[in-house]
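Let's take a walk through this protein model together. Have the sequence and the 3D view open, and find each residue as we get to it.

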Amino acid sequence: MLTRKFFLLIIPVLLLFALIDYVVVNHLVIGKFDRLERREAIKNGQRVLDAIERELHHLMSLCEDWSYWDDTFEFMVTHNQSYIESNLVPQTHIDNEINLFMLINTDGSVLLKKNVDLETLENIAVAEFDLNSYPPDHFLISRGKGDIQSGIVHTSAGLFLIAKAPILTSLKTGPYNGTMIMGRLFDGNYQDILCGQTRMRFSVNPGDIDQISSIRENARHEGDNFVIDYNGPDTLNLLGRLDTINGVDYYIEASLNRDFMKEGRRTVTMLYISLMVVSIIILFVLMIGIQFLVIRPIKRLKEHALLIAHKQETCTRLYPNRKDEIGVLAQEFDQVFDRLFETRSRLLESSYKSGLAEMASNFLHNLRNSLTPLMGEIQGIRYACRNLDFEKYKKAHEELMREDLDPERRKKIREYLLLLDRQYFETMDDINLEFNTLDEYRQNIEKLLDTQSKWTSAKPVVEPMKQSEIGKEIQSFLSPSLRRKLTLSVHNEEKKDKTIRTYRVTLLMILSRLLEYIVESRMDSGDLRIVILTKRMVHDEKPILSIRVMMPQTMHPIEGSISVFAEGSTDTTKSLTNELIWCTNTASVIGAGLRIEQSEDGLTSYFLLQVPIIEQAGSE
């Protein structure tokens with residue numbers, strides 16, 4: 001049975017592993033190789049376009065050097081022949097690799113044109129450059145001082161790299177005095193130079209790559225300027241858009257070997273085969289090991305258990321000397337069976353009592369959770385009532401009733417009474433809301449008491465809590481007004497977030513009353529920030545949770561409150577002192593200690609609360 005289930009489980013796992021392996025290897029890994037191949041192809045194509053752009057930039061720089069020159073500016077006016085004889089010699093074309101040199105007047109008439117072959121130095125006939133004049137809106141004409149342009153131009157003789165610039169003085173001033181045009185023929189020789197620079201063979205063809213991609217079945221766009229045509233498993237064609245100034249579409253095309261993809265596919269195939277072979281070997285070894293180490297011993301254990309169940313008595317011991325998990329399981333099974341009959345009645349009785357105790361514990365836990373927010377609401381009502389100072393209200397009314405009262409003073413007293421009235425109304429609204437909430441909690445507690453009336457007593461509830469959650473849990477014990485005034489941060493000095501078992505609710509109640517005492521006793525106004533430091537320690541060989549509530553430097557309550565912590569103290573004349581007495585008495589109920597201490601430098605004071613940690617549930 002186990003062997004069949006094992007096969008039914010492991011075979012689908014193996015098939016799933018093979019499928020996942022295929023998906024991961026054949027799609028993700030191959031997909032990454034494909035993206036790398038496309039990225040490399042686009043990088044090569046961009047390198048060609050960058051090379052052409054760089055040549056245009058150099059041509060534009062050369063054209064500007066000649067156009068922003070006083071001699072050229074003067075020649076456009078005087079037509080001095082010496083300018084041509086000294087500057088426009090054949091060596092100038094060869095040194096600068098310039099085929100075309102044109103000077104055009106502001107009215108569009110051609111003043112000078114030279115278009116030569118750099119090898120034969122013979123004139124090249126190009127219809128687009130052989131005109132005697134051009135219209136003012138022609139793309140070769142500069143329309144002002146800042147109108148410079150470089151780009152590729154389609155002509156009857158092929159592509160030309162063209163740069164145009166306005167003719168000005170060497171300081172780039174003076175009136176616009178015509179246009180200078182320089183051009184470089186994009187022929188086979190020049191293309192070979194670019195191929196050498198980019199280390200990639202390419203061709204330049206007329207056409208739009210968008211139309212070509214729609215015709216070719218395996219072509220797809222890579223951005224706006226490139227198309228990759230997967231024409232076979234061994235090569236791919238890269239097409240790059242090459243825009244011209246006069247609107248004729250051209251593109252560069254380069255054929256690239258797919259050596260990277262072929263090597264990737266070969267590597268992936270070997271990886272897939274090796275993974276499958278290793279998986280089959282691991283599966284075979286795992287099957288044999290499980291068969292001899294797990295399945296057969298478990299079968300014997302099953303037969304042994306059935307035999308004992310049939311005879312209702314122990315027979316020979318199974319695996320008495322085996323120390324692994326199956327041996328321990330068989331030995332424990334024999335021991336459990338020996339004690340089974342003699343503990344049956346006791347176990348039933350214990351289970352019954354345990355169930356009753358669990359019900360009582362759950363009831364007390366729910367009741368204490370209901371009381372937790374109730375105490376916070378009561379503290380909120382107490383704090384709101386403390387803010388009602390009727391003595392000031394009474395004195396203001398008595399002064400207002402005086403007949404000899406100054407009118408300006410009477411006006412200010414009335415404004416003050418209006419403010420007090422608004423404050424009292426708001427406080428009474430808050431108190432009313434708090435009482436409504438208290439009534440809801442009361443109804444909830446009555447429901448719990450009605451359903452669990454037979455449980456009359458319980459020990460203080462011990463609950464788990466994390467040291468890092470003290471700050472979060474204590475918020476429910478604070479009144480809304482106190483939460484608005486107080487910024488609380490809790491830090492664990494051990495740097496480890498441990499879960500402890502202690503009297504959670506009582507601890508949080510003591511801390512909330514201490515915080516209320518600090519807020520009421522402070523000497524300054526405004527928001528108050530209090531830091532609580534926690535640390536797990538051992539005191540008298542017992543684990544405790546040490547909590548230090550740091551007080552701000554603006555208050556030093558030790559002188560006025562130290563008597564509260566003295567043995568036998570019964571001073572209850574002040575309400576704030578009553579808060580500390582309640583905290584110390586409540587702490588003593590759960591075996592905790594509370595006192596005030598000072599730092600070593602004497603600049604700050606803090607409350608030190610040491611709460612016992614309960615190691616096991618129900619123990620104290």
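We start with Ser-546, which sits in strand S15 (residues 542-550). Helices (H or I, at least four residues) and strands (E, at least two) are DSSP runs numbered from the N terminus. Before going on, a word on the ground rules: this is a predicted model, where local features need pLDDT of at least 70 and side-chain atom pairs count only at pLDDT 80 or more, while totals for chains, interfaces and linings use all residues. Residues are numbered from 1 along each chain as its sequence is written, and side-chain values use heavy atoms, with hydrogens and water left out.

Is Ser-546 buried or exposed? With a relative accessibility of 7%, Ser-546 counts as buried. Buried means under 20% relative accessible area, exposed means over 50%, and partly exposed is in between (1.4 Å probe, protein chains only). Setting aside neighbours within four places in sequence, Ser-546 is in contact with Leu-533, Thr-534, Lys-535, Met-537, Leu-608 and Leu-609. Contact here means heavy atoms within 4.5 Å.

**Cores**

A nonpolar core is a set of buried Ala, Val, Leu, Ile, Met, Phe, Trp, Tyr and Cys residues joined through side-chain atoms within 4.5 Å. The largest one has 46 residues, and Ile-52, Phe-101, Leu-103, Met-180, Met-182 and Leu-242 touch the most other members. Helix H1 (residues 2-67) gives the most to this core, namely 11 residues. Apart from it lies another core, with 41 residues, including Ile-500, Val-519, Val-549 and Met-551.

Take Phe-101 as a case. Not counting residues up to four places away in sequence, Phe-101 touches Trp-66, Tyr-83, Leu-88, His-93, Leu-112, Lys-113, Lys-114, Met-180, Ile-181 and Met-182.

**Strands and helices**

S13 pairs with strand S11 (residues 463-466) in the antiparallel sense, over 4 bridges. Two strands pair if DSSP finds at least two bridges between them. Which residue of S13 is the bridge partner of Glu-463? That one is Thr-502.

Now for helix H13 (residues 504-521). This helix has 18 residues and reaches 26 Å from its first C-alpha to its last, close to the 26 Å expected at 1.5 Å a residue. The expected span is 1.5 Å times one less than the number of residues. Because 17 of the 18 residues of H13 are buried, the helix is largely enclosed by the rest of the structure.

Helix H5 (residues 188-198) has Tyr-190, Gln-191, Leu-194, Cys-195 and Thr-198 as its buried residues. Seen down the axis of H5, these fall within an arc of 145 degrees, so they line one face of the helix. The arc is that of the directions from the helix axis to the C-beta atoms.

**Salt bridges**

Side chains of opposite charge can pair when their charged atoms come close. A salt bridge is a side-chain nitrogen of Lys or Arg within 4 Å of a carboxyl oxygen of Asp or Glu, and the whole structure has 16 of them. Here are some:

| Pair | Closest N to O |
|---|---|
| Arg-143 and Asp-147 | 3.8 Å |
| Arg-241 and Asp-210 | 3.3 Å |

In the Arg-241 pair, Arg-241 lies in strand S9 (residues 235-242) and Asp-210 in helix H6 (residues 209-215), so the bridge ties together parts that are 31 residues apart in sequence. Asp-210 is partly exposed, at 33% relative accessibility. Salt bridges that share partners also join Asp-34, Arg-38 and Glu-222 into one network. As for the Asp-192 pair, Asp-192 is partly exposed at 39%, while Arg-201 is exposed at 55%.

**Positive phi in loops**

His-79 has a phi near 55 degrees, a positive value in a residue other than glycine. His-79 lies in the loop between helix H2 (70-78) and helix H3 (81-87), and it is partly exposed at 42%. Glu-541 has a positive phi too, about 65 degrees, although it is not a glycine. Glu-541 lies in the loop between strand S14 (528-539) and S15, and is exposed at 77%.
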